[in-house]
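User: I would like to learn how to read the features of a structural model, one at a time. Could you take me through this one, giving the general idea before each case?

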Amino acid sequence: MKVAHVRQLFTQLYEENWVKLYVHVFRMLDDRDEARDIVQEIFANLWDRMERLEIEHSYQAYLFRSARNLVINRIASRDVGRRYESYLEHAGPALEVMPDELLREKELALQIEHAIEKLPRKMALIFKKSRYEQRSYREIAEELDISEQTVKKQIYNALTLLRKKIRTIFIFFYH
């Protein structure tokens, strides 16, 4: 795609979809600032990928799928954050963040990343493409020459395994 065409398409997508995406995300999160941040992140990601992105059917579907994935990730991180805040509340009054707690947080993040790496190779690849690269099931399926149903099943299985592992890791670090 030529640069002028990319800019024109991006501008058109931004103008036509920003408000729709904002309302959609706001309904899910009930937080104006977070909704605004997520929509901006969606368009920043789109801009970064615009020249190499191959969307056959609908840019709007891609944008709403990106919104869904980012909201899921935000809700998941909120859940971990709430558990951590609960831990801090019960750990003692006026608790200062101590170096050992910072070390535990870093270790927790490393353990989560390690849990993703421990997934079966193809499952980890599919999961990373979905969550980190915000690729659609169809895009992943086409790239890896597998069915969309296989992609869905692999992501479901990855999330199931990771939830169990993360619960165990969290209990180990914070109880």
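User: In which loop does Asp145 lie?

Analyst: Before the case itself, a word on the source: this is a predicted model, in which local features need pLDDT of at least 70 and side-chain atom pairs count only at pLDDT 80 or more, while totals for chains, interfaces and linings use all residues. Residues are numbered from 1 along each chain as its sequence is written, and side-chain values use heavy atoms, with hydrogens and water left out. Helices here are DSSP runs of H or I with at least four residues, strands are runs of E with at least two, and both are numbered from the N terminus. Asp145 lies in the loop between α6 and α7 (148-174).

User: What is the phi of Asp145, and is the residue buried or exposed?

Analyst: Most residues other than glycine have a negative phi. Asp145, which is not a glycine, has a positive phi of about 55°, and this residue comes just after α6. For accessibility, buried means under 20% relative accessible area, exposed over 50%, and partly exposed in between, with a 1.4 Å probe and protein chains only. Asp145 has a relative accessible area of 70% and is therefore exposed. Asp30 also has a positive phi, near 55°, in a residue other than glycine; Asp30 lies in the loop between α1 (3-29) and α2 (32-49), and its relative accessible area of 62% makes it exposed.

User: How many helices and strands does the protein chain have, and what share of its residues is buried?

Analyst: The protein chain has seven helices and zero strands, and buried residues make up 34% of its 175 residues. Within α6, the buried residues are Tyr137, Glu139, Ile140, Ala141 and Leu144.

User: How many aromatic pairs does the structure hold, and how should I read their geometry?

Analyst: Rings of Phe, Tyr and Trp (its six-membered ring) pair if their centres lie within 6.5 Å, and planes under 30 degrees apart count as stacked, over 60 as edge-to-face and the rest as tilted. The structure holds six aromatic pairs. In one of them, the ring centres of Phe10 and Phe43 are 6.0 Å apart and the planes stand at 90°, so the pair is edge-to-face. This pair links distant parts of the chain, with Phe10 in helix α1 and Phe43 in helix α2, 33 residues apart. Both Phe10 and Phe43 are buried, the latter at 2% relative accessibility.

User: Which residue of helix α1 pairs with Phe43 across 29 residues of sequence?

Analyst: That residue is Tyr14, which lies in helix α1 while Phe43 lies in helix α2, so the pair ties together parts 29 residues apart in sequence. The rings of Tyr14 and Phe43 have centres 4.8 Å apart and planes at 65°, which makes this pair edge-to-face. Tyr14 is partly exposed, with a relative accessible area of 30%. Ring pairs join Phe10, Tyr14, Phe43 and Trp47 into a cluster.

User: How many residues does the largest nonpolar core have?

Analyst: A nonpolar core is a set of buried Ala, Val, Leu, Ile, Met, Phe, Trp, Tyr and Cys residues joined through side-chain atoms within 4.5 Å. The largest such core has 24 residues, and Val25, Phe43 and Leu46 are those with the most contacts inside it. At least two residues of this core come from each of α1, α2 and α3 (59-91), and the largest share, nine residues, is supplied by α1.

User: Where does the charged end of Arg68 sit?

Analyst: A charge sits over a ring if NZ of Lys or CZ of Arg is within 6 Å of the ring centre and within 35 degrees of the ring normal. The charged end of Arg68 sits over the ring of Tyr137, 5.8 Å from its centre.

User: Which residues lie nearest the centre of the second largest pocket?

Analyst: On a 1 Å grid over the protein atoms alone, a pocket is an open set of points where a 1.4 Å probe fits, with protein on both sides within 12 Å along at least five of seven lines, and lining residues have an atom within 4 Å of a point. The second largest pocket is lined by 10 residues, with Arg52, Leu53, Glu54, Arg135 and Glu139 nearest its centre. Helix α6 (residues 137-144) gives the largest share of this lining, three residues. Taking Ala, Val, Leu, Ile, Met, Phe, Trp, Tyr, Cys and Pro as nonpolar, Asp, Glu, Lys and Arg as charged, and the others, Gly among them, as polar, the lining has one nonpolar, no polar and nine charged residues.
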